[in-house]
Amino acid sequence: MNLPRLPAQHCPSCLLPITPAHICGSCLHNPPVWTNAIAALRYTFPVDAMIQALKYRPDLTLTPILADCLLSVIPSSATLPDYVIPVPIHAVRLRQRGFNQALEIGRYLCKQTSITLLLDACSRSRDTVSQTELPWRKRQKNVRGAFACQQDLTGKHVAIVDDVMTSGATLNELSKVLRRQGAVAISIWVVARAIPRRLS
């Protein structure tokens, strides 16, 4: 299947397109808390339709397809993390949806790589407004203090798994919590990266 990929030249930190492929000015000015990030695809048609079908229909048959795309961009030479942590969703949303798509993607990845999946290490402590309903600048405030973690991660390398990175605010906030728990390296693994129109 020919799916839309990220531009060959993109910031290795936030994954947005730049020329040449060095860390972008935004990440130099305000570095994300995580260590590195990878995304398999660009969040545009048909990838956006596939992810929305997984989340809202739900069509769980898409999980291995999207997870395999993510596996394909993890370098074979990369040091794999000690743990995979899916971005948690609040209990209210979990009851409405019936599952957490990030957890399902993470479960598949861990079966293929033998990395330990931490199912309940982190939780969403409050039910925030959906990030998709907010302008980019308000997303950071929306998720501030939204996560909790009980797991001791001292000296560990952790990969956070999610379906889509848009502003990166959710991933950055969760990364802060994991740093406080002792994580020394945090990788971001997302199926797709949304790219603002001004950069498309």
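Predicted model: local features only at pLDDT ≥ 70, side-chain atom pairs only at ≥ 80, totals over all residues.
User: Why are helices α2 and α3 called oblique to each other?

Analyst: The axes of α2 (residues 47-56) and α3 (residues 62-72) cross at roughly 135 degrees. Angles of 65 to 115 degrees count as roughly perpendicular and those over 145 as roughly antiparallel, with the rest oblique once those under 35 are set aside as roughly parallel. The two helices are therefore oblique to each other. Their axes come within 10 Å, and the crossing is left-handed.

User: Which residues of α2 and α3 meet, and what makes up their contact by class?

Analyst: Met50, Ile51, Ala53 and Leu54 in α2 meet Leu62, Thr63, Ile65 and Leu66 in α3. By class, this contact has seven nonpolar residues, one polar residue and no charged residues.

User: What makes the pairing of Lys55 and Asp163 a salt bridge?

Analyst: The N to O distance between these side chains is 3.4 Å, and the criterion requires the nitrogen to be within 4 Å of a carboxyl oxygen. The pair therefore qualifies as a salt bridge. Lys55 lies in helix α2 and Asp163 in strand β6 (residues 157-165), so the bridge ties together parts that are 108 residues apart in sequence. The structure holds three salt bridges.

User: How do you know where the phosphoribosyltransferase domain is placed?

Analyst: The placement comes from UniProt, where an unreviewed entry gives the feature "domain: Phosphoribosyltransferase" at residues 151-193. In the model, that span is 28% helix and 42% strand, and its end C-alpha atoms lie 28 Å apart.

How values were computed
Residues numbered from 1 in each chain as written. Heavy atoms only, no water. Axes fitted to C-alpha atoms, helices over the stretch in contact; angles between N-to-C directions. Helix = DSSP H or I, 4+ residues; strand = E, 2+ residues; numbered from the N terminus. Left-handed = near helix turned anticlockwise from the far one by under 90°. Contact = heavy atoms within 4.5 Å. Nonpolar A, V, L, I, M, F, W, Y, C, P; charged D, E, K, R; others polar. UniProt positions renumbered as here; feature names shortened; annotations may be inferred.
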